[in-house]
There are 2 protein chains.
Amino acid sequence: MPLRFAERADEAYSFPLTIGHLLDAALTTSGDQEIVYRDQLRFTYRELRQRIGRLASLLSDLGADEGMTIGVMDWDSHRYLEAYFAIPMMGAVLQTVNVRLSPQQIAYTLNHASAEILLVHRDFFPLIDAILPALPGVKAIVAIMDGTDGPLPAYAKGEYEALSAAASPDFPFRDFDENAIATTFYTTGTTGNPKGVAFSHRQLVLHTLACNAPFGVTRQRGLGVEDVYMPLTPMFHVHAWGVPYIATMLGLKQVYPGRYEPGMILKLRAQEGVSFSHCVPTILQMLLAGADQTGADLSDWFMIIGGAALTPALYREARRKGMELVAGYGMSETAPTLSIARRRRGEEAGLEADATTLTMAGVPVPLVSARIVGEGMADRPADGEARGELVIRAPWLTQSYTGDPEASQALWRGGWLHTQDVASIDAQGHIQIRDRLKDVIKTGGEWICSLSIEELIAGVEGVAEVAVIGVPDARWGERPIAVAVARPDSAPTLEAVNAPLERAVETGRISRYALLDRLELVEAMPRTSVGKVDKKALRARFAIPAAEMAMAVKA
Amino acid sequence: MPLRFAERADEAYSFPLTIGHLLDAALTTSGDQEIVYRDQLRFTYRELRQRIGRLASLLSDLGADEGMTIGVMDWDSHRYLEAYFAIPMMGAVLQTVNVRLSPQQIAYTLNHASAEILLVHRDFFPLIDAILPALPGVKAIVAIMDGTDGPLPAYAKGEYEALSAAASPDFPFRDFDENAIATTFYTTGTTGNPKGVAFSHRQLVLHTLACNAPFGVTRQRGLGVEDVYMPLTPMFHVHAWGVPYIATMLGLKQVYPGRYEPGMILKLRAQEGVSFSHCVPTILQMLLAGADQTGADLSDWFMIIGGAALTPALYREARRKGMELVAGYGMSETAPTLSIARRRRGEEAGLEADATTLTMAGVPVPLVSARIVGEGMADRPADGEARGELVIRAPWLTQSYTGDPEASQALWRGGWLHTQDVASIDAQGHIQIRDRLKDVIKTGGEWICSLSIEELIAGVEGVAEVAVIGVPDARWGERPIAVAVARPDSAPTLEAVNAPLERAVETGRISRYALLDRLELVEAMPRTSVGKVDKKALRARFAIPAAEMAMAVKA
């Protein structure tokens with residue numbers, strides 16, 4: 001028999017999962033709740049809704065329409081929050097521009113996304129001056145003066161707050177297909193130009209709903225009606241991990257810190273009672289150092305840490321200051337959240353157990369299917385030991401890299417999104433990221449995890465920082481080498497660096513194939529725009545060219 | 001410009017919101033977690049998944065297919081949980097049969113839904129004996145012997161556990177359209193036959209995701225990974241309010257109590273560590289009385305109370321026993337949850353404040369749009385005082401009454417679902433139900449709320465129970481009368497019953513039109529199948545026939 005479908009009353013409302021609907025309950029429960037921007041501005045959710053209407057009206061006056069891409073270049077602000085709603089609610093596409101890319105890359109992403117209107121903070125006027133001639137598709141620019149009175153650049157159609165104040169709050173938003181694109185942004189891949197990803201209204205609404213669930217289920221701390229939220233992840237970075245949408249849906253008080261300055265962040269934390277944030281380990285370290293200098297109280301500040309591994313050492317330091325942390329895991333292609341850490345069932349709160357469990361990548365949030373697979377996408381056992389590539393299904397994964405069918409095909413090979421991360425999963429679903437697949441070194445038919453080798457070397461005297469990479473080898477396919485930054489007045493040797501590896505080989509913890517061939521010392525690690533060690537650059541620098549390699553084999 | 005849509009990689013997985021996906025994360029995080037049925041059976045989520053496959057296989061062997069309706073007549077059990085998943089996951093329609101209806105009504109609903117296969121607990125064999133001749137569409141019946149050895153009825157194709165054990169766990173579930181109907185059941189309306197409602201996979205998945213959010217956001221208590229769930233709302237009743245789907249999605253330990261017996265419920269609560277339940281006030285009263293008799297410990301048992309108003313007195317009694325309660329609100333047509341109570345922002349926990357705030361109907365859950373409207377669907381102010389009909393939009397509302405376009409049209413008049421409840425909403429979104437619209441009495445152009453009149457009369461000496469109804473009146477349109485059950489050896493008079501009303505008229509609390517015309521004493525209140533006072537029956541009994549009314553006007 002065919003599937004059955006319900007009849008619909010003529011006037012029955014067919015509810016699309018569009019971003020505007022995230023405001024519905026919030027406006028009922030939290031019309032008088034506050035949104036705060038630094039020490040400059042505060043307004044209520046009722047006013048937020050009006051400001052969203054005004055932004056849509058002013059953009060419409062500038063020619064914005066359904067399907068048009070509108071780029072935002074701003075720090076974390078109430079303006080960005082307004083853009084998160086107004087632009088998608090118009091049926092337009094919000095491009096969250098990664099301002100940390102090079103000017104050439106930024107111009108590339110704006111052109112690739114066909115951005116026609118830009119909202120630009122004054123800090124980026126010099127950048128726009130430099131790239132505007134290369135942006136023939138941009139028809140209008142709104143200047144964000146951020147409370148200052150300076151003259152507008154000649155290319156600006158007006159100033160954000162002034163245009164907004166003059167525009168109508170009553171923009172006629174309409175319902176439309178929930179599969180329409182809401183946002184787009186670019187991720188720095190391993191090769192070539194940045195790659196575009198896009199997310200639909202439906203995907204973002206489902207991400208918002210499902211990623212809220214763990215805040216309740218951890219039970220160690222629910223995100224509550226009394227919580228005050230402040231993002232410490234750039235809003236151009238995968239929707240600040242989607243948390244502004246969650247905080248708005250729940251009607252929480254929100255605080256936006258603008259450009260990240262430790263003094264302002266700690267002041268806002270104290271004055272506004274911020275209790276819930278999220279950031280990368282680098283920002284957490286900055287805040288801990290700031291608190292050391294100023295004596296600021298960080299206690300009862302709950303944070304989700306992602307973007308890079310949260311080390312047990314950093315976790316312990318934050319806990320000693322009274323903070324609560326859990327690690328989260330995801331990527332640009334996944335909107336981003338896939339998993340959030342929580343205690344194991346039956347595990348009591350305790351510093352050492354937490355420093356292990358809560359620094360892992362977490363357990364899958366609802367609706368996330370996570371598998372670890374080996375060759376031919378065969379499942380590896382979920383025993384906490386076996387490793388395989390982590391592959392994912394969820395209702396909010398990018399369906400392609402924009403205009404790049406080949407990379408899209410690789411991303412979705414076999415019907416599962418390939419994270420390119422090597423992970424283990426245990427019986428309670430705790431995912432542990434063991435390595436980046438592209439960092440995995442395959443030598444003599446054996447896989448070597450560079451991350452675990454790096455961990456072993458990290459304790460070697462004189463080593464400040466280390467990266468292990470695979471370099472081509474005519475005989476073994478690839479061989480591991482270490483690139484290290486030495487501590488002042490130190491000069492670690494290959495022998496010293498290999499010593500803990502030899503001990504680990506003896507205890508069977510690693511394969512003998514993992515012993516390093518070379519040690520290279522560098523002044524500083526090259527880093528990607530998001531602060532990760534740029535192993536692609538290291539490989540390019542330290543690989544022996546193929547011609548020389550061929551000679552070495554002959555010799 | 002047209003809306004923009006993302007390209008899709010050929011192999012990209014297009015994730016449908018189907019019920020089977022609620023199991024994905026749970027099987028990763030909670031494969032070894034337990035499902036318990038009374039003191040008879042316990043198994044893990046891994047086995048649950050196998051049992052779901054077995055149930056689908058056995059139904060398929062009996063001729064089940066996509067689009068077929070399969071009815072379940074059982075108490076709250078692991079079998080029902082299996083049916084909640086297996087039947088919709090096959091693309092078939094689960095009919096949750098309300099076994100409290102009359103035999104004629106049950107036969108009507110099975111025929112109306114075109115049920116072809118039934119799963120029937122032995123307690124309902126006599127019922128089936130009585131109605132089977134009236135069920136020509138039923139092709140197969142599976143008997144649920146519930147651990148007993150008695151002979152199967154002649155019409156049974158086999159026994160649930162035996163057939164299940166013999167069936168394959170590897171049923172080839174496939175993806176399909178998320179808008180396919182997953183469940184159907186019948187609601188006793190105010191007139192005529194029970195009305196069918198249906199819910200799609202998409203609707204139930206969204207209900208599950210959104211209704212989980214308040215468990216975190218209340219902060220007074222999140223539903224946590226250590227929680228043990230036991231339903232105390234029949235599973236034929238609006239999916240036991242959808243909580244079995246939430247508990248399964250979160251991978252919680254679940255306990256199913258079978259037929260409700262206070263001794264078994266309290267034993268399971270103690271032995272299995274049940275911490276989270278939901279029920280109607282009647283069941284809560286039964287448990288409180290059971291604890292009084294046995295000394296059972298109810299402390300730290302969290303419950304959502306719905307289906308009827310939670311009175312502050314009952315709330316206080318449960319709190320004194322250490323329970324935590326919040327009221328919830330919804331209806332059959334809304335899957336059911338629309339709102340869940342929580343403390344106001346800035347309100348500390350405290351018995352008296354909680355007895356007010358947490359017994360109201362709660363605040364809208366995410367994605368619920370709630371309005372109160374007057375004539376012409378004009379908005380009434382959200383000031384906590386103004387009253388209007390509560391109308392709703394949400395992504396999980398039934399789109400029609402099956403095969404009843406007229407009632408469907410009335411339900412969705414103006415594009416909003418009409419709850420027929422009169423409510424106020426305050427500035428923090430707290431909904432307070434003031435009356436059922438059909439219980440509202442309109443006399444001389446004035447609305448009278450029967451609920452508030454009943455509250456005034458409830459304290460009158462000698463009155464055990466009272467219902468106020470409107471009866472037709474040639475002069476005033478309608479006039480209010482009271483129907484009361486007297487306490488033993490009491491005989492309350494109309495004068496006594498009107499006394500508190502007269503005082504309330506004097507203080508301006510009610511209109512003088514609310515003074516009662518008549519008092520009728522009855523032995524016991526007629527009740528609907530769900531235990532509510534059957535005002536329809538009262539009106540039919542105490543209305544003066546139109547002919548007599550006409551004579552009275554003439555006289």
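Two residues are in contact here if their C-beta atoms, placed from the backbone, lie within 7 Å. By that criterion, 79 residues of chain A are in contact with 79 residues of chain B. The structure is a predicted model.

**Chains and domains**

On the side of chain A that touches chain B, two or more residues each come from helix 1 (22–29), strand 9 (195–200), helix 7 (201–217), strand 16 (363–364), strand 17 (369–373) and helix 13 (405–411) of chain A. Helix 7 of chain A provides the largest share of that side, with 7 residues.

The domain assignment divides chain A into domain 1 (14–203) and domain 2 (440–554). Taken over C-alpha atoms, the centres of domain 1 of chain A and domain 2 of chain A are separated by 43 Å.

**The nonpolar core**

The largest nonpolar core contains 327 residues, and the residues with the most contacts inside it are A:Ile70, A:Ile392, B:Ile70, B:Val120 and B:Ile392.

**Strands of chain B**

In chain B, 7 strands form an open sheet with mixed pairing, in the order 7-6-5-3-4-8-9. Strand 7 (156–159) and strand 9 (195–200) of chain B each have a single partner strand and stand at the edges, so one side of each lacks a neighbour in the sheet. On average, and with direction ignored, neighbouring strands of this sheet are turned by 25 degrees against each other.

| Strands of chain B | Sense | Bridges |
|---|---|---|
| Strand 3 (residues 69–73) and strand 4 (residues 93–96) | parallel | 4 bridges |
| Strand 12 (residues 276–279) and strand 13 | parallel | 4 bridges |
| Strand 14 (residues 324–330) and strand 15 (residues 337–340) | antiparallel | 3 bridges |
| Strand 15 and strand 16 (residues 363–364) | antiparallel | 2 bridges |

B:Val72 stands opposite B:Thr96 in strand 4 of chain B, and B:Phe276 stands opposite B:Phe302 in strand 13 of chain B. Strand 13 (residues 302–305) of chain B is covered on both faces: B:Phe302 and B:Ile304 are buried on one side, and B:Met303 and B:Ile305 are buried on the other.

Strand 14 and strand 15 of chain B form a hairpin with 6 residues between them. In its turn, B:Ala335 has a positive phi of about 80 degrees. B:Ile340, in strand 15 of chain B, stands opposite B:Gly328, and B:Ile340 also stands opposite B:Val363 in strand 16 of chain B.

**Helices of chain B**

The axes of helix 9 (residues 262–272) and helix 10 (residues 281–294) of chain B come within 10 Å and cross at roughly 80 degrees. Helix 9 of chain B is therefore roughly perpendicular to helix 10 of chain B. Helix 9 of chain B makes this contact through B:Pro262, B:Ile265 and B:Leu266, and helix 10 of chain B through B:Met286, B:Leu287, B:Gly290, B:Ala291 and B:Thr294.

Helix 14 (residues 450–458) of chain B contains B:Ile453. This residue, B:Ile453, counts as buried because it has 25 C-beta neighbours inside 10 Å. Not counting residues up to four places away in sequence, B:Ile453 touches B:Ile448, B:Val468, B:Pro480, B:Leu501 and B:Ala514. B:Ile453 and B:Val485 are 32 residues apart in sequence, and their C-alpha atoms are 16 Å apart in space.

Definitions and conventions
Residues numbered from 1 in each chain as written. Chains lettered and ligands numbered in written order. Predicted model: local features only at pLDDT ≥ 70, side-chain atom pairs only at ≥ 80, totals over all residues. Domains from an automatic or database assignment. Core = buried A, V, L, I, M, F, W, Y, C linked by C-beta atoms within 7 Å. Buried ≥ 20, exposed ≤ 12 C-beta atoms within 10 Å, placed from the backbone. Pairing = 2+ DSSP bridges. Axes fitted to C-alpha atoms, helices over the stretch in contact; angles between N-to-C directions. Parallel < 35°, antiparallel > 145°, perpendicular 65-115°, else oblique.
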